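Here are a few friendly notes to read with the model open beside you. They go helix pair by helix pair, then turn to the interface and the salt bridges.

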Amino acid sequence: MDIAKIAETVSAEIIYRAENSSDIDITGAVAADLMSEVMLDTEEGSLIITGLINPQVIRTAEMLDIYAVLFIRGKNIPESIIELAQDRGVTVMRTEATMFEACGKLYSAGIVSGQSA
Amino acid sequence: MAEISSMHIECIIDKDDFNAAGEASSKVKKSLNMLGIPPKTIKRIAVAMYEAEINAFIHGGGGKAVADIYPDRVEVLISDEGKGIADLDLAMQEGYSTAPEEVRMLGFGAGMGLPNIKRNSDELDIDSAPGKGTRVKMKFKLS
């Protein structure tokens, strides 16, 4: 599923769209507020769905070869996150949906778990 | 692959800059990318090093990251002068965490860091004692 379709599925605003984002095909996702949990065998190219707002979300994405992050509950995304995302080429989206709603909509649309465990 | 025999990277892990924690791992990841190392191998190294770097920040009060990249392996040492690990066997258990609530508010401290470092490294040696700081030595094969 491409970025535009992900955004449409959860009515998300694309806050920063990385240059290479049109090539991205996302099939899996991981949803957690603890990056410690995201770091556990998340497959490269998955989507991170989180309510955690700090730059370590982008760093976690960078380490895992993840190209897109979806922040939930319409939280304000500080400039420090957007700047790091621009530098690391990570697409940033924001939805008003809750974690449960975002996961449910994406799952219904065919996105599967990005973690094998 | 570039014609070099080794590459040495050293970074301070600043105890006062949470936003910068992970920068050492990022530098190493970029270098490995440039050297044409397979992405799956780079991901293992980046994940293990980042976990250790975050640990040095949240538990160790900052410290130092040193990475040496050789043609056949990568060696990483993350050291801090923090409070140390009282019971290493316990700390290696999945889910065991001494992290306070503030750390979980930052998105870490699930008690999975050390087990995840072990899973992603080929050799792991942790030298720590209460009050003596912690040295996490990791080796990764490049072949």
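This is a predicted model: local features need pLDDT of at least 70, side-chain atom pairs count only at pLDDT 80 or more; totals for chains, interfaces and linings use all residues.

1. Let's begin in chain B, with helix α2(B) (residues 39-58) and helix α5(B) (residues 113-120). Their axes come within 9 Å and cross at roughly 150 degrees. That angle is over 145 degrees, and α2(B) and α5(B) are therefore roughly antiparallel to each other. As for handedness, α2(B) passes α5(B) in a left-handed crossing.

2. Which residues bring α2(B) and α5(B) together? From α2(B) come R44(B), V47(B), A48(B), E51(B), A52(B) and N55(B), and they meet G113(B), L114(B), N116(B), I117(B) and N120(B) of α5(B). Sorted by class, this contact has five nonpolar, four polar and two charged residues.

3. Helix α2(B) also has α1(B) (residues 23-34) as a partner: the two axes come within 8 Å and cross at roughly 165 degrees. Helices α1(B) and α2(B) are therefore roughly antiparallel to each other as well, but here the crossing is right-handed. On the α1(B) side the contact uses E23(B), A24(B), S25(B), V28(B), K29(B), L32(B) and N33(B), and on the α2(B) side I42(B), I45(B), A46(B), M49(B), Y50(B) and E53(B). By class, the residues of this contact are eight nonpolar, two polar and three charged.

4. Now over to chain A, where the axes of helix α3(A) (residues 56-63) and helix α4(A) (residues 79-88) come within 9 Å and cross at roughly 15 degrees. Are they parallel or antiparallel? With an angle under 35 degrees, α3(A) and α4(A) are roughly parallel to each other. Their crossing is right-handed. I58(A), R59(A) and E62(A) of α3(A) make the contact with I81(A), L84(A), A85(A) and R88(A) of α4(A). Four of these residues are nonpolar, none polar and three charged.

5. Next, the place where the chains come together. The size of an interface is often given as the accessible area lost when the parts come together. For chain A and chain B the buried area is about 2,000 Å², and carbon and sulfur atoms give 52% of it. In terms of residues, the contact takes 24 from chain A and 28 from chain B.

6. How many salt bridges cross the interface of chain A and chain B? The rule finds five. E44(A) forms a salt bridge with K40(B), and the closest N and O atoms of that pair are 2.6 Å apart.

7. Finally, the count over all chains comes to 17 salt bridges. Within chain A, the side chains of R94(A) and E13(A) meet in a salt bridge, at 2.9 Å from N to O. This pair links distant parts of the chain, 81 residues apart: R94(A) lies in strand β5 (residues 91-94) of chain A and E13(A) in strand β1 (residues 13-16) of chain A.

Methods: Residues are numbered from 1 along each chain as its sequence is written. Chains are lettered from A and ligands numbered from 1 in the order in which they are written. Side-chain values use heavy atoms; hydrogens and water are left out. Axes are lines fitted to C-alpha atoms, for helices over the stretch in contact, and angles run from 0 to 180 degrees between N-to-C directions. Helices (H or I, at least four residues) and strands (E, at least two) are DSSP runs, numbered from the N terminus. Angles under 35 degrees count as roughly parallel, over 145 as roughly antiparallel, 65 to 115 as roughly perpendicular and the rest as oblique. A crossing is left-handed if the near helix is turned anticlockwise from the far one by less than a right angle, and right-handed if clockwise. Contact means heavy atoms within 4.5 Å. Ala, Val, Leu, Ile, Met, Phe, Trp, Tyr, Cys and Pro count as nonpolar, Asp, Glu, Lys and Arg as charged, and the others, Gly among them, as polar. Buried area is the accessible area (1.4 Å probe) that two parts lose on being put together, summed over both. A salt bridge is a side-chain nitrogen of Lys or Arg within 4 Å of a carboxyl oxygen of Asp or Glu.
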